[in-house]
Amino acid sequence: MVVLSACKPVDWAEKKWNAAFNEESSEENEKQISNEQTTQKPNDENKNENSDEQPSAETDLPWLEETVTASGDGKAVVQNLDDLLIVANKERNLPGNYEPKDLVTPNVPFPFKEDLPKKKLRKEAALSLEVLFKAAEEEGLELLAQSGYRSYDTQVSIFAFNAEQKGEEVANKTSSRPGQSEHQTGLSMDVTSQEVNFELVEAFGETKEGKWLAENAHKYGFIIRYLKGKEEITGYQYEPWHLRYVGVDHAKKIHEQGITLEEYLQKP
C-alpha cells in the first residue's frame, strides 16, 4: 500500500503554490470570540439519561457508506458537504466545485505575512482554533498556523506540477489527488512551531507544542487526524501537525478511544 502525505506539498511545489495564492483576493474577516460558543459546557449530572429528547449520538452519525454516491466514472463522491464530520480521503472524493461558504481567517499567528486563502477555515473551526491557540499560549507554548483551506483547483495545480517534475507515481506519494485533500473541507489546519523551523515534519510530534496538542486538542474540538500506526486505515503517514475540527463532543470520543475518523464513522 502506498502511504501519502495528506498535507505537505514538496518544497519545490510550495513556492509555486504560494505564488499562485498571492494573486488571489482575500476578504478581511473581523469577529469576536466567545467562550460560550467554543468551550464545551459541563455535563448536567442531573440530566435524565433515558429522556426521549436526547437521542443516542450514534443514531445521528453520518456513516461513511451512507454519505457517498457513485459518479459516472465509478468514484465515490461525498454528499454531506457541510457536515462537520465530512470525510475526504483516497476513497472519498469532494466535488470539484465545492468550496465552504463560511471561510474566515482565524486571529492566530502565521509564519508568513501574505494574506493567502490557506489562512482560512470554516467559521466554527476558526473560532475554536483561536481558543486552542490562546490556551497553548497560556501554557507558555508558541504555535503557528501554517496551512488551512486549499481549493480543488489549487490541488489540481499542485499535483500536476509534481507529476510534471517527478512523474505521476512519485507525485502520488507526496501530495493528494484533487478532490481527496481534507484541506478542501475548510476544517483542517496544519500547525507548526519555531523549534522545527516552521516546517511540517514528524519531529513536530516530539516538541512540547506537539505533545500538548496530542493531549489537549480534543478539548477544543480538534483531533490529530492522521495517527501513528493507523496508516492502513487513513491512507496517509503520521502527521502530528494536522489538526482536524469535528466539534468537542466527537473529538473527545475519538481521542478517548484512540481511533481515526474513519473508524468512528464506520457503521457497526
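First, the ground rules. Residues count from 1 along each chain as its sequence is written, and side-chain values use heavy atoms, with hydrogens and water left out. The model is predicted, so local features need pLDDT of at least 70, side-chain atom pairs count only at pLDDT 80 or more, and totals for chains, interfaces and linings use all residues.

Now the overview. The chain has 10 helices and eight strands. These are DSSP runs, H or I of at least four residues for helices, E of at least two for strands, numbered from the N terminus. Of 268 residues, 50% are buried. Buried means under 20% relative accessible area, with a 1.4 Å probe and protein chains only.

Next, the sheet. Pairing takes at least two DSSP bridges between two strands. β7 pairs with β8 (residues 239-245) over four bridges.

Last, the alanine. Is Ala-251 buried or exposed? Buried, because its relative accessibility is 0%. What does Ala-251 touch, leaving out residues up to four places away in sequence? His-218, Gly-221, Phe-222, Ile-223 and Val-246. Contact here means heavy atoms within 4.5 Å. Gly-221 is 30 residues from Ala-251 in sequence, yet 5.3 Å away in space, C-alpha to C-alpha.
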